Amino acid sequence: MKREILKVVKGQRTVDGAGVNLVRVLGHDTVDEFDPFLMLDAFDSTDPNDYIKGFPFHPHRGIETVTYLVNGEMEHQDSLGNKGVIRDGECQWMTAGSGIMHQEMPKASDKMLGLQLWVNLPKEDKMTDPQYFDISKDMIKTFEDEKSTVKVIAGNYMNKIKGVDPKFIKVTLLDIDVKPNEEFNIDLNEEDNMFIYVMTGEGSVAGKKVESKSAVLFNKGDEFSIKASENGIRFILFAGKPLHEPVAWAGPVVMNTRDQLQETFRELDEGTFIKHNPKM
């Protein structure tokens with residue numbers, strides 16, 4: 001059964017971090033429908049003043065953050081002692097688990113184009129040890145034909161090309177560029193929640209238009225099809241099994257109950273937040 005559009009969410013411009021201008025696509029209001037995906041922020045700017053102030057050290061608990069850059073450069077550092085840089089076509093995948101402090105500082109470039117996704121952790125894994133890895137450009141395999149180019153970041157494509165295999169939520173994450181007026185089709189796990197975020201261009205699904213800078217949520221089904229406009233379309237496809245668990249979310253922390261949130265912020269005040277021995 002082909003998937004049909006359930007909901008379209010248009011991103012709203014906002015400022016976060018130390019003064020980063022971005023487009024917030026998913027947030028508190030979309031948690032239930034987009035489960036297990038919590039937040040989606042998108043970056044698209046040719047003005048470094050929009051983003052170079054970055055996101056100085058801040059805590060996270062109970063989630064995974066996935067930062068993917070189509071264009072640009074971002075330095076990162078965390079309380080595990082990791083430091084690094086992700087560049088064009090690369091990804092950073094961080095499991096905050098029981099608690100981590102990190103910072104992300106974009107560098108001036110001709111264009112900053114990318115996104116950060118928050119993926120919820122199951123209740124039994126909320127307090128897992130923090131984990132972290134970079135997905136370098138050579139780890140992201142590409143399939144290309146006369147109609148489209150598909151970069152496989154996580155999960156697999158056509159059961160032939162595999163990306164990384166997330167440990168907790170088996171997310172499918174694909175960067176798909178469809179040429180003008182061409183149609184793209186993919187088979188999917190019928191029970192996964194699935195949506196796309198349109199980065200550039202536009203297209204249509206079953207005759208309904210989908211536009212740039214919008215997230216499009218689809219109903220259950222085992223097939224997805226989209227037709228590009230005369231300008232083509234580039235979008236990120238996200239799919240994952242919903243958790244159907246209660247969500248208690250405050251700032252950078254996502255737990256299951258208000259009591260757990262209060263405990264987290266008490267630990268931050270008392271200096272006992274970090275459970276994993278830091279190297280810093």
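## The annotated C-terminal region

Over residues 174-273 the chain is 13% helix and 55% strand, with the end C-alpha atoms 34 Å apart; helices (H or I, at least four residues) and strands (E, at least two) are DSSP runs, numbered from the N terminus. An unreviewed UniProt entry annotates residues 174-273 as "domain: Pirin C-terminal", and such annotations may be inferred rather than shown by experiment.

This is a predicted model, in which local features need pLDDT of at least 70 and side-chain atom pairs count only at pLDDT 80 or more, while totals for chains, interfaces and linings use all residues. Residues are numbered from 1 along each chain as its sequence is written, and side-chain values use heavy atoms, with hydrogens and water left out.

Strand β21 (residues 214-218) is mostly covered, as 5 of its 5 residues are buried, that is, under 20% relative accessible area with a 1.4 Å probe and protein chains only. Ser214, Val216 and Phe218 point one way from β21, whereas Ala215 and Leu217 point the other way. In a regular strand the side chains alternate between the two faces of the sheet.

Two strands pair if DSSP finds at least two bridges between them. Strand β1 (residues 5-10) runs antiparallel to β21 and is joined to it by 5 bridges, with isoleucine 5 as the bridge partner of phenylalanine 218. Strand β19 (residues 193-205) is also antiparallel to β21, through 4 bridges, and here isoleucine 196 stands opposite valine 216.

## A four-stranded open sheet

An open sheet of 4 strands, with antiparallel pairing, has the order β5-β10-β7-β8. Its edge strands, β5 (55-60) and β8 (83-86), each pair on one side only. β5 is joined by 4 bridges to the antiparallel strand β10 (residues 100-106), where histidine 60 stands opposite isoleucine 100.

How values were computed:
Buried means under 20% relative accessible area, exposed over 50%, partly exposed in between (1.4 Å probe, protein chains only).
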